[in-house]
Amino acid sequence: MLTHSKSAKSDGPLTEALAHSGLRLTPQRQQVHEVLREKMDHPTADQVFMRAKHKMPEISMATVYNCLDALVTCGLVRQVTLDRGATRYCPNMQDHSHFYCDECGSVYDILQTISPEDADIKLPRGFRLKNIETNLHGLCPDCAAKAK
Ligand SMILES: [Zn+2]
Ligand SMILES: [Zn+2]
(Lines give C-alpha, C1' and ligand atoms only; values in the text may rest on other atoms or scores of the structure.)
(Ligands and ions follow the chains in the order given, each with its own letter.)
Protein backbone atom coordinates (compact mmCIF):
# COMPACT_ATOMS: atom_id res chain seq x y z
CA MET A 1 0.00 0.00 0.00
CA LEU A 2 2.67 2.45 1.02
CA THR A 3 5.11 2.55 -1.81
CA HIS A 4 8.41 3.37 -0.26
CA SER A 5 10.83 3.73 -3.07
CA LYS A 6 14.15 4.23 -1.40
CA SER A 7 15.75 4.81 -4.73
CA ALA A 8 18.77 7.04 -4.92
CA LYS A 9 18.11 10.73 -4.83
CA SER A 10 16.17 11.27 -7.99
CA ASP A 11 15.69 14.97 -8.03
CA GLY A 12 15.20 15.16 -11.74
CA PRO A 13 11.41 14.94 -11.51
CA LEU A 14 11.40 17.41 -8.63
CA THR A 15 13.45 19.94 -10.56
CA GLU A 16 11.28 19.40 -13.62
CA ALA A 17 7.99 19.72 -11.82
CA LEU A 18 9.10 22.91 -10.10
CA ALA A 19 10.44 24.38 -13.32
CA HIS A 20 7.14 23.57 -14.98
CA SER A 21 5.45 25.93 -12.54
CA GLY A 22 8.19 28.50 -12.91
CA LEU A 23 9.78 27.61 -9.59
CA ARG A 24 13.36 26.88 -8.73
CA LEU A 25 14.68 23.89 -6.86
CA THR A 26 16.11 25.18 -3.60
CA PRO A 27 17.80 23.06 -0.92
CA GLN A 28 14.83 23.88 1.35
CA ARG A 29 12.23 22.69 -1.14
CA GLN A 30 14.27 19.57 -1.72
CA GLN A 31 14.49 18.96 2.02
CA VAL A 32 10.77 19.45 2.60
CA HIS A 33 9.96 17.11 -0.28
CA GLU A 34 12.32 14.53 1.16
CA VAL A 35 10.73 14.79 4.59
CA LEU A 36 7.32 14.12 3.06
CA ARG A 37 8.48 11.14 1.08
CA GLU A 38 10.50 9.63 3.89
CA LYS A 39 7.52 8.91 6.05
CA MET A 40 4.21 9.00 4.28
CA ASP A 41 2.14 9.49 7.37
CA HIS A 42 0.48 12.71 6.23
CA PRO A 43 2.23 15.13 8.58
CA THR A 44 0.96 18.61 9.34
CA ALA A 45 3.07 21.65 8.45
CA ASP A 46 4.26 21.73 12.07
CA GLN A 47 5.44 18.15 11.89
CA VAL A 48 7.16 18.76 8.56
CA PHE A 49 8.91 21.72 10.15
CA MET A 50 10.12 19.65 13.11
CA ARG A 51 11.46 16.93 10.83
CA ALA A 52 13.08 19.29 8.35
CA LYS A 53 14.75 21.14 11.24
CA HIS A 54 16.63 17.98 12.19
CA LYS A 55 18.57 18.03 8.96
CA MET A 56 18.41 21.74 8.32
CA PRO A 57 18.51 23.56 11.66
CA GLU A 58 18.35 27.01 10.05
CA ILE A 59 15.07 26.38 8.24
CA SER A 60 12.17 28.54 9.45
CA MET A 61 8.48 27.78 9.74
CA ALA A 62 7.74 30.45 7.11
CA THR A 63 10.14 28.75 4.71
CA VAL A 64 8.51 25.39 5.33
CA TYR A 65 5.11 26.88 4.52
CA ASN A 66 6.57 28.44 1.40
CA CYS A 67 8.09 25.11 0.34
CA LEU A 68 4.86 23.23 0.96
CA ASP A 69 2.99 25.82 -1.11
CA ALA A 70 5.47 25.43 -3.94
CA LEU A 71 5.22 21.63 -3.86
CA VAL A 72 1.42 21.79 -3.87
CA THR A 73 1.45 24.33 -6.71
CA CYS A 74 3.59 22.16 -8.94
CA GLY A 75 1.55 19.05 -8.18
CA LEU A 76 4.08 17.02 -6.21
CA VAL A 77 2.20 17.11 -2.96
CA ARG A 78 -1.43 17.41 -2.13
CA GLN A 79 -3.17 18.93 0.81
CA VAL A 80 -5.38 16.70 2.87
CA THR A 81 -7.94 18.31 5.09
CA LEU A 82 -9.53 16.43 7.89
CA ASP A 83 -12.99 17.34 9.07
CA ARG A 84 -11.33 19.13 11.91
CA GLY A 85 -7.74 19.89 12.60
CA ALA A 86 -4.76 21.10 10.65
CA THR A 87 -4.08 20.56 6.99
CA ARG A 88 -1.86 17.58 6.30
CA TYR A 89 0.38 16.89 3.36
CA CYS A 90 0.47 13.81 1.17
CA PRO A 91 3.14 13.15 -1.47
CA ASN A 92 1.17 10.30 -3.02
CA MET A 93 -0.25 11.70 -6.24
CA GLN A 94 -1.90 8.44 -7.25
CA ASP A 95 -5.67 8.45 -6.98
CA HIS A 96 -6.43 7.29 -3.49
CA SER A 97 -8.76 7.63 -0.57
CA HIS A 98 -7.80 8.44 2.99
CA PHE A 99 -8.61 6.30 5.95
CA TYR A 100 -8.73 8.17 9.24
CA CYS A 101 -8.31 6.34 12.48
CA ASP A 102 -10.80 7.94 14.85
CA GLU A 103 -8.83 6.66 17.81
CA CYS A 104 -5.23 7.76 17.20
CA GLY A 105 -5.73 10.20 14.35
CA SER A 106 -3.44 8.45 11.88
CA VAL A 107 -4.16 8.84 8.20
CA TYR A 108 -3.60 6.01 5.75
CA ASP A 109 -3.62 5.86 1.99
CA ILE A 110 -6.11 3.43 0.57
CA LEU A 111 -5.46 2.86 -3.09
CA GLN A 112 -9.05 2.62 -4.05
CA THR A 113 -11.41 5.30 -5.13
CA ILE A 114 -15.04 5.34 -6.06
CA SER A 115 -15.62 6.40 -9.61
CA PRO A 116 -18.69 8.50 -10.36
CA GLU A 117 -19.87 5.69 -12.67
CA ASP A 118 -19.79 3.13 -9.87
CA ALA A 119 -21.39 5.27 -7.25
CA ASP A 120 -25.11 5.30 -7.38
CA ILE A 121 -25.63 8.84 -6.29
CA LYS A 122 -28.81 10.63 -7.16
CA LEU A 123 -27.97 14.25 -7.68
CA PRO A 124 -30.51 17.01 -8.02
CA ARG A 125 -31.22 18.11 -11.58
CA GLY A 126 -28.47 20.04 -13.27
CA PHE A 127 -25.54 18.81 -11.21
CA ARG A 128 -22.74 16.97 -12.90
CA LEU A 129 -20.47 14.73 -10.85
CA LYS A 130 -16.81 14.64 -11.79
CA ASN A 131 -15.03 12.88 -8.98
CA ILE A 132 -15.68 11.63 -5.50
CA GLU A 133 -13.29 12.22 -2.67
CA THR A 134 -13.85 9.60 -0.07
CA ASN A 135 -12.83 9.90 3.52
CA LEU A 136 -13.05 6.63 5.34
CA HIS A 137 -13.32 6.56 9.10
CA GLY A 138 -12.69 3.76 11.51
CA LEU A 139 -9.90 2.11 13.45
CA CYS A 140 -6.39 1.39 12.25
CA PRO A 141 -5.06 -2.17 12.81
CA ASP A 142 -3.29 -1.14 16.03
CA CYS A 143 -6.30 0.55 17.55
CA ALA A 144 -8.63 -2.20 16.35
CA ALA A 145 -6.47 -4.76 18.15
CA LYS A 146 -6.53 -2.71 21.34
CA ALA A 147 -10.26 -2.22 21.16
CA LYS A 148 -10.92 -5.95 21.35
ZN1 LIG B 1 -5.34 4.15 15.31
ZN1 LIG C 1 -2.57 10.25 1.05
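**Exercise 1. Work out how the sheet is put together, and which strands stand at its edges.**

Step 1: Three strands make an open sheet, ordered β4-β3-β5, with mixed pairing. A strand here is a DSSP run of E with at least two residues, numbered from the N terminus, and two strands pair if DSSP finds at least two bridges between them.

Step 2: β4 and β5 are the edge strands; each has a single partner strand, so one side of each has no neighbour in the sheet.

Step 3: From one strand to the next, the twist averages 30 degrees, an angle between N-to-C directions of lines fitted to C-alpha atoms, on a scale from 0 to 180 degrees.

Before you go on: this is a predicted model, where local features need pLDDT of at least 70, side-chain atom pairs count only at pLDDT 80 or more, and totals for chains, interfaces and linings use all residues. Residues are numbered from 1 along each chain as its sequence is written, while chains are lettered from A and ligands numbered from 1 in the order in which they are written.

**Exercise 2. Sort the side chains of β3 by face.**

Step 1: In a regular strand, side chains alternate between the two faces of the sheet.

Step 2: H98 and Y100 point to one face and are buried (20 or more other C-beta atoms within 10 Å of their own, with C-beta atoms placed from the backbone).

Note on methods: Buried ≥ 20, exposed ≤ 12 C-beta atoms within 10 Å, placed from the backbone. Helix = DSSP H or I, 4+ residues; strand = E, 2+ residues; numbered from the N terminus.
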